[in-house]
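Hi,

Here is the structure I promised to pass on to you.

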Amino acid sequence: MDGAFNLGKVFGIQVRLHYSWFIIFALLTFLLVSPYWSSWLWWAVGIGACLLFFGSVVAHELAHSLVGRANGIPVKSITLFMFGGVAQMTKEATRPNAELKMAAAGPLCSLAIGGVFSLILFLNPDMSQPAARMVYWLAFMNFALAAFNLIPGFPLDGGRIFRSLVWRSTGDYLRSTRIATRVGVGVGYSFIAGGIAVVFLHPFNLTWFSGVWMAFIGWFLKNAASASYRQTQWRETLKRFTAAQVMTVNCPVVPSDITLSQLVREHVLPSGCHLFMVADEGGLQGILTLQNIKSVPQQEWAVTQVKKVIIPIDKLKVAHPGQDVLSIVEQMDESGIDQVPVVSEGRVIGLIARDDLVRFLHTRSELGIK
Ligand SMILES: [Zn+2]
């Protein structure tokens, strides 16, 4: 997800903030402070409550991440955006129980935090009005966060819990994902329909704004569920192929001391290839893709040597010809690279680039082949 920036690392997990969070931050502060504009105390309470809520969302995502990590699902980063947070996993769970524990950890954490705030309120009934309102609001928001995430529409936590249960009873990962994502799409459409009904019929004195908001959440859930389904299908397809079946063979070999202009004129344009091995007398130096060439402005191509932009051999992870493609993609995600050479008996026999895989999947889906 783009449009986010790094806040720092917690337990080795990168925490990122999406710009849409500022909208929520402003909206929540507005709701808390609205009747008391002139009071500095209320402003302090409003902003403080938002920061504490922000901490609660981070705790929710960290709960997923730490339980995931303890169950063999590495989490690279957490991104906080307007509907809460998303933990970026480099691979999906391979056992239903691991997924169940990981999915349940977030809502349980939010329930626990909500419980702590409720307890504070219960033990201090004579708190000053702004403080009591802040604690009440934090308890409410954490319970709401748990409740929203427990909606059984994939990819929400509730949908993941649902999938893990179906998966455990059927033993079929793809089928359980198909069911969970379809339910997710259904939940999304129900929210949209509910939102429209609220806009026109105003049940329970709800405002048109709540209706628009609800429809917007529904639209978001529907898209997220469809995207998750497609992604799962791709993963299943990739799992069925080996590196040797999808790699690009006969990548042209080019020397490292030519300029980018020369490379483009003499090799890229005539061959149409977009992956090159760069080798000198000393052997393979690295590889080069169109992306590497494009990273240099065109007016500098005449004075930039190929060796300046190659991906050096020591930065590359390698794959074996028999390795399944899904595990290669996970390897790429984990180390943030876009290509791997396929090595057999110490020799590079081909290359796999992310773009090629995208094209490979796209061609199959165009033809309707699963
Ligand atoms: Zn969650």
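Below is what came out of going through it.

Please keep in mind that this is a predicted model. The protein chain has 370 residues, and 46% of them count as buried. Its secondary structure comprises 13 helices and 10 strands, and the C-alpha trace spans about 80 × 50 × 45 Å along its principal axes. Among contacts with a separation of 6 or more, 61% are between residues 24 or more positions apart.

Now for the inside. The largest nonpolar core has 40 residues, and Leu28, Phe53, Leu80 and Trp137 have the most contacts inside it. Elements that each supply at least two of its residues include strand 2 (13-18), helix 1 (20-33), strand 3 (75-81), strand 4 (84-89), helix 3 (96-123) and helix 4 (129-149). Helix 2 (40-70) is also on that list, and helix 2 gives the most to this core, with 10 residues.

Setting aside neighbours within four places in sequence, Leu80 is in contact with Val15, Arg16, Leu17, His18, Trp21, Phe54, Val57, Val58 and Gly85.

There is also a second, separate core of 18 residues, among them Ala319, Val325, Met332 and Val340.

Best wishes

Note on methods
Residues numbered from 1 in each chain as written. Predicted model: local features only at pLDDT ≥ 70, side-chain atom pairs only at ≥ 80, totals over all residues. Heavy atoms only, no water. Helix = DSSP H or I, 4+ residues; strand = E, 2+ residues; numbered from the N terminus. Buried < 20%, exposed > 50% of the residue type's maximum accessible area, 1.4 Å probe, protein only. Contact = heavy atoms within 4.5 Å. Core = buried A, V, L, I, M, F, W, Y, C linked by side-chain atoms within 4.5 Å.
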